[in-house]
Amino acid sequence: MDTARNLGLLSEYRTYLRVEKGLRPLTCEAYDSDLKTFAEFLEGRHGVLLNAAQEDVSAFLEHLRTHGIDSRSAARKLSCIRGFYKWLLLDRRIDHDPTVNIESPKAWKVLPKSLAESEVNMMLESAELSAGQSMSRPQAHAAALRDCAILELLYAGGLRVSEVTSLSTSDVALDLGRVLVRGKGDKERIVPLGVAALEAIGLYLREGRPHLARVRSKAQAQDAARLFLSLRGMPLTRQSVWVLVKSSNSAASPHTLRHSCATHMVEHGADLRSVQLLLGHADISTTQVYTHLALGRLKAVHREHHPRANRRNATEPDEVVAAVGDAGGAKPR
């Protein structure tokens, strides 16, 4: 009985996420999976979703920790549970949110892993070299041009892998130097691209994609316009992009390149608001994991440009004593 009640409630919530929130099917499935995990845990404690207490949520997080679930995944599950109980409150099915005062795992706000600029450059240069070396083999050359364009796009625009695979040829505006991206919840944003990415995409559209499109057999009309195609002329999958990135650098992933894009921009002086808009974060708090990079940049700029920032380091001890003496014994600040 408890299982049936939980499944019925989760089915309603999944419909709410898809219809009212406009989330993509894969996102809804991920939320549903996390909530089912929590529901099963509650059933083991002879509880149901509607009657969950704060102690149940805390015990669930501890259960995840003791079973080796990393803190980032645990934090994602907690975020999912928070959203679920917020919906129940708004729908007046409960009068108390059991996630109130539950702290997210500490590592939630740890800066995501990123690659060094030299590592990214090596990946991109290697992809460009492979494209040049495969010119005598049309099919291999087309795939190499596609792979080069994808790597450039992931790094230049900080796109999610699902955003890359869902792009259509009409979304790319090479003359304007930008691409139209559909992110989470089908929200659209304009992402500017640099010269290297635009050149790689342009070359793929001219010399690579036409060859891949010719071998397409039975693709639906909506798939025929997809920007990135497989060797069979079908839309490229997220798994294929993941394998591509991994084969280019075993320590990388599409998400790593996204974080590398943001990290390197902040290190070079970009403000967090601009990075938020580029990445498509709905909330600035998501982008604030890069705050310490911005502060590091600020400190470096201060040390370099403020007239008194380096005075202590630059002044020899004897000179400090002499200066103090000349000032009538005043203490140095």
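**Helix contacts and salt bridges**

Tutor: Helix α6 (residues 138–157) and helix α10 (residues 238–248) have axes that come within 11 Å and cross at roughly 85°. Axes here are lines fitted to C-alpha atoms, for helices over the stretch in contact, with angles from 0 to 180 degrees between N-to-C directions. Helices are DSSP runs of H or I with at least four residues, strands are E runs of at least two, and both are numbered from the N terminus.
Student: Which residues make the contact?
Tutor: From α6, D147, I150, L151 and L154; from α10, V241, L244, V245 and S248. Contact means heavy atoms within 4.5 Å.
Student: And where do these numbers come from?
Tutor: The model is predicted, so local features need pLDDT of at least 70 and side-chain atom pairs pLDDT 80 or more, while totals for chains, interfaces and linings use all residues. Residues are numbered from 1 along each chain as its sequence is written, and side-chain values use heavy atoms, leaving out hydrogens and water.
Student: New topic: how many salt bridges are there?
Tutor: The count comes to 13. A salt bridge is a side-chain nitrogen of Lys or Arg within 4 Å of a carboxyl oxygen of Asp or Glu.
Student: Which residue does D32 pair with?
Tutor: D32 meets R14 in a salt bridge, 2.8 Å from N to O. D32 is in helix α2 (residues 25–44) and R14 in helix α1 (residues 2–19), so the pair ties together parts 18 residues apart in sequence.
Student: Is D32 buried or exposed?
Tutor: D32 counts as buried, at 10% relative accessibility, whereas R14 is partly exposed at 32%. Buried means under 20% relative accessible area, exposed over 50%, and partly exposed in between, using a 1.4 Å probe and protein chains only.
Student: What about E163, which residue is its partner?
Tutor: E163 forms a salt bridge with R189, with the closest N and O atoms 2.9 Å apart. This pair links distant parts of the chain, 26 residues apart: E163 is in helix α7 (residues 161–165) and R189 in strand β3 (residues 188–192). Both E163 and R189 are buried.
Student: Which residues form a network?
Tutor: E12, D91 and R93 are linked in a network of salt bridges.
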